[in-house]
Amino acid sequence: MRRLFLRLRQIARAMVGAPDYDAYLRHMQEHHPGAPPLSEAQLFRERQEARYGGKNGGKCC
Amino acid sequence: MARHIPWILIAIVGAVSLSVVAVSRGEAVNALWIVVAAVSSFLVAYRYYALYIARHVMRLDPARPTPAIRRADGMDYVATDRTVLFGHHFAAIAGAGPLVGPVLAAQMGYLPGTLWIIAGVVLAGAVQDFMVLFISMRRDGKSLGELIRMEMGQAAGTIALFGAFIIMVIILAVLALIVVKALAESPWGMFTVAATVPLAIFMGVYTRWIRPGRIGEVSLLGLVGLLAAIVYGQDIAQSPVWGPAFTFTPVQLCWILIGYGAVASVLPVWLLLAPRDYLSTFLKIGAIAALAVGIVIMAPPLKMHAVTQFVHGGGPVWSGGLFPFLFITIACGAVSGFHALIASGTTPKLIASEGHAPIIGYGAMLMEAFVAIMALVGASILDPGIYFTMNSPAAVIGTDAASAAAAVTAMGFPIEPGLILQTAKDVGEHSIISRAGGAPTLAVAMAEIFSHVVGGPAMKAFWYHFAILFEALFILTAVDAGTRAGRFMLQDLIGLAVPGFKDTSSPLPGIVATGLCVAAWGFFLHQGVTDPLGGVNTLWPVFGISNQMLAAIALMLGTTVLFRMKRDRYAWVTMVPTAWLLICTVSAGWLKLFSADPAIGFLAHAAKFSEAAARGEVLSPAKSMAEMEQIVFNDRIDAALCAIFLAVVLSLLFFTIRTCIAARRADRPTAQEIPAVVAAE
């Protein structure tokens, strides 16, 4: 039940382009172990700007 | 063999359902037959055609690293779970188009629309999305314009970018027009939509400062606010003070929207755009799911005729006969060129394996077509008299219940004035006459279906305004996001001539480009709103032509790439739908330009009005000489637009043929893919 909820939450967040913070941390650990990662709030703001800033082609009709 | 048996059974169920839909006449057909026919066709098409394309045409290789693996950066390029990415991609492609197009297409009856949605998506629409995703995925997730430049040359890329900008302008105008049509003279609807602005700003502040990134909880708070706005909207509408304050004429609403678009698109994204996108996305997915469940529970009979007399033309909702105009009216549900921009946007950067491409590229588009089928069912379960009352222009049926009932009955769809008044009263509106644009019709249908499942007739008005709110919400999000995207496209284009204009960080070019973009769609919106024939009649075909032409361009890119990969023998997969789309859009564009019938051809219409003006005559529906001149001017602009679209698509056809001939002459593949060995490094 809890797994289903987490999965639905993950899908819902992907629908609006919100980042998966755990995946980001894993990536940073694997590829850039020395570099300090962004905080969850920083990553959220960075992704929000990237998604809605307009360089991504906007929404569909 | 045994593994094919379930699929053969599904195919038989689909064939039987489709023949019930196709041959039943006289007695009412249940809507579920259409749903079952569509779902089984889609399942079989996915299992056989999509996998055939994946294995033989594209030769997808699950071992070949995708951009998300090769260029993983934890931000733009992230290998994403298949189901999660399906949700992301579907939410990005699903918009107002597949809901509105099929509702308008219902004027020809439910059968032509059903058949075209099913055949069109399987052979053209889903192939296009899948193909563009494949091409972009093999090229580091590059965008459509860049892909065309890579495979067909600089000139072709620039022409395509220019075409895409004009298409964006038309889309924004037509979407805004739908909102105007739905909210004009409707204080209840207007209040609920207006309430979303402060609500979204509250959500924006919440996700920015109070609980950063907590989308789930803020969306729940937002939903509570929305429902409260719908409930209290009724009291607002009936209040002697607030009712008139939220009642606007179409022209007033047009200016409000233009002002809104200009301001909203320069605000920080976290303040209004992002939080409203959360609300509108979740509401849209929820409403689509609820509609599917509602249709299955209610199992409504179809009241629209299978085929109406308007297949030969002369329909009040939009002009022209079945060929080619049906195929451009159902724009997004069957084929949508705009999806090529999404399939070459964020999705190819997130896909974890080439093996996921069929379900994401082909599968998500089948889901979109299913949404279109539900919209068509919605329009077809309404009394046809109500349908034509809502969708015919006032110039044809007048503005009161008696004249509308008489005019619609004369069309062959008997209706009593009492039913028109009662329907308006049920959904809590002053009038339902001439509420063109598709959204109000769909809202009445959704109110019918939802109130059957939850709340009974007393809840109809609530559900109607819920449906209007959900459609207006995601259209306003699209207007805001589209204006921002259009600004960057324009800066790129003007930057070709004035290099300094490309600088996206300096404020002046940004403000100028945003202003130009808003002025461009605002112009067409104003033209649509003041159009005596109701606007949708004029603008929707132009939008349909442009969207289907973009699809033809994307499929031509697919054909070019197959030739350059030396897979010519499979190129029919994209050439057949390209040919059909070119035939439909070029003939529709040609008719819109040169048809001698003033109801269809822009130039014939302009000639009729300018000749009358020269004689000093004022033709209905114009009321003055100034309006006569306005009509002639608008016609000529629309004609020029059609000519531009034709020029764009025909020049890209030229580049496609030239590139394909060169590719055939070459003795090895010339496609600019990232080679498998490089990708694996």
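Analyst: What follows starts with the residue and then widens to the chain around it. This is a predicted model, in which local features need pLDDT of at least 70, side-chain atom pairs count only at pLDDT 80 or more, and totals for chains, interfaces and linings use all residues. Residues are numbered from 1 along each chain as its sequence is written, chains are lettered from A and ligands numbered from 1 in the order in which they are written, and side-chain values use heavy atoms, with hydrogens and water left out.

B:Arg139 sits in the loop that joins α6 (110-137) to α7 (144-152) of chain B, where helices are DSSP runs of H or I with at least four residues, strands are E runs of at least two, and both are numbered from the N terminus. With a relative accessibility of 1%, B:Arg139 counts as buried (under 20% relative accessible area, with exposed over 50% and partly exposed in between, for a 1.4 Å probe and protein chains only). A polar atom of the B:Arg139 side chain lies 3.0 Å from the backbone oxygen of B:Ile135. Neighbours within four places in sequence aside, B:Arg139 is in contact (heavy atoms within 4.5 Å) with B:Leu147, B:Met150, B:Glu151, B:Val561, B:Ala671, B:Gln672, B:Glu673 and B:Ile674.

As for the whole chain, 81% of the contacts in chain B with a separation of 6 or more are between residues 24 or more positions apart, and 62% of its 681 residues count as buried. Chain B has 29 helices and zero strands, and its C-alpha atoms fill a box of roughly 70 × 65 × 60 Å along the principal axes.

Methods
Polar contact = N/O pair within 3.5 Å; in protein donor to acceptor, adjacent residues only side chain to side chain.
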